[in-house]
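Take a look at the structure first, and then read on.

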Amino acid sequence: MEGESASRRIRNGSFGPALLIAGLCLAAVPASVQAQEECFDNAFCLDAVRDDAGQVLVRVRNLLPGAITMRLSMELENLSADRDLPLVFTLPAERRAQPVRLRIEDEYARWGYRFDARWIMGTLDATHDSGATYDLPFDAGASWLVGQGYNGRTTHQGKNALDFNLPEGTPVRAARSGTVVEVEDRYEHGGPDQSLKSRANFVKVEHEDGTIGNYVHLVHRGVRVRPGQRVREGEVLGISGNTGFTTGPHLHFEVYGITTDLERTTIPVHFRTSDGREELREGRSYLNPGRVRERSAERPRGW
Ligand SMILES: [Zn+2]
């Protein structure tokens with residue numbers, strides 16, 4: 001669903017050809033509204049209003065339960081912007097922003113703009129919390145092999161991603177707490193075919209620092225959480241599988257932020273293993289020691 005783009009041309013008083021013809025109904029629309037809100041990809045909406053100074057305020061509203069990063073390009077006609085364009089900015093979950101204000105240069109001439117908006121789920125230049133320690137994304141007491149590690153030669157070139165060789169049907173657990181921002185489980189097939197790259201099932205969890213944990217190749221109908229849901233480390237997110245571009249059943253896990261080019265940049269992270277806190281290595285198996293929940297928190301009042 002991400003990496004899409006939307007574009008429109010907006011002219012003063014123009015809500016699209018249909019409305020121009022029916023000139024009369026313009027009178028009913030408040031003078032402040034210059035462009036009716038229009039929504040794209042079920043992800044964001046964009047409109048424009050006139051502020052008290054008569055300037056045109058372009059507003060963007062995020063409809064998703066996670067932050068999106070947007071690149072807004074605009075062609076201006078008889079308008080000047082208060083910021084350099086194109087503009088790359090992050091819009092927090094379910095929030096509205098006014099990224100740019102346009103000044104009309106000649107009030108008596110026609111004015112307009114054309115926008116092109118590209119977006120991706122995630123936070124621009126998210127600063128990963130280096131103190132964060134991730135749980136191994138499977139059952140406590142279980143031990144699994146890291147079949148491919150950071151910068152692995154098979155498919156992880158230039159990527160800080162890990163493949164855990166989980167058999168199909170294995171519960172996948174949250175490695176870190178956060179908010180589920182996107183899920184997919186309609187795909188049924190997997191194999192060493194590049195065309196399957198965009199056809200993998202997954203769960204994405206947005207962490208407190210804005211980075212995203214991505215759990216990929218889940219089984220068909222194998223997601224157990226929904227967008228907007230808060231999850232704690234250790235909670236079951238879904239069932240491991242073999243969907244998408246794969247050479248065999250496994251869980252691909254990565255943590256990433258977003259660059260100004262609206263690309264993902266993956267981040268190396270540390271896990272809690274039976275040997276302590278460490279970065280994981282390809283070719284080694286790791287036991288999930290589980291967590292000793294702080295008893296103190298549960299002590300009865302006045303203990
Ligand atoms: Zn992988």
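Is Asp-47 buried or exposed? Asp-47 is buried, with a relative accessible area of 7%. Here buried means under 20% relative accessible area, exposed means over 50%, and partly exposed is in between, using a 1.4 Å probe and protein chains only.

A word on the ground rules: this is a predicted model, where local features need pLDDT of at least 70 and side-chain atom pairs count only at pLDDT 80 or more, while totals for chains, interfaces and linings use all residues. Residues are numbered from 1 along each chain as its sequence is written, and side-chain values use heavy atoms, with hydrogens and water left out.

**Strands 3 and 4**

Strand 3 spans residues 44-50, and six of its seven residues are buried. Helices (H or I, at least four residues) and strands (E, at least two) are DSSP runs, numbered from the N terminus. Strand 3 pairs with strand 4 (residues 56-62) in the antiparallel sense, over seven bridges; two strands pair if DSSP finds at least two bridges between them. Across this pairing, Asp-47 has Arg-59 of strand 4 as its bridge partner. Five residues lie between the strands in this hairpin, and Gly-54 takes a positive phi near 80 degrees there.

**Salt bridges**

A search of the whole structure finds 18 salt bridges, each being a side-chain nitrogen of Lys or Arg within 4 Å of a carboxyl oxygen of Asp or Glu. Among them are these:

| Pair | N to O distance |
|---|---|
| Arg-96 and Glu-37 | 3.2 Å |
| Arg-96 and Asp-47 | 3.9 Å |
| Arg-173 and Asp-139 | 2.7 Å |

Arg-173 sits in strand 13 (residues 171-173) and Asp-139 in the loop between strand 10 (133-135) and strand 11 (143-148), so their pair ties together parts 34 residues apart in sequence. Arg-173 is partly exposed at 24% relative accessibility, and Asp-139 is partly exposed at 27%. Elsewhere, salt bridges that share partners join Glu-37, Asp-47, Arg-59, Arg-61 and Arg-96 into one network.

His-156 lies in the loop between strand 11 and strand 12 (161-164) and His-252 in strand 21 (residues 251-258), so the pair ties together parts 96 residues apart in sequence. His-156 is buried at 0% relative accessibility, and His-252 is buried at 10%.

**Around Glu-278**

Glu-278 is found in strand 24 (residues 276-278) and is buried, with a relative accessible area of 15%. Its side chain joins that of Thr-273 in a polar contact of 2.4 Å.

Notes
A polar contact is a pair of N or O atoms within 3.5 Å; within protein, one must be able to donate a hydrogen and the other to accept it, and residues adjacent in sequence count only if both atoms are side-chain atoms.
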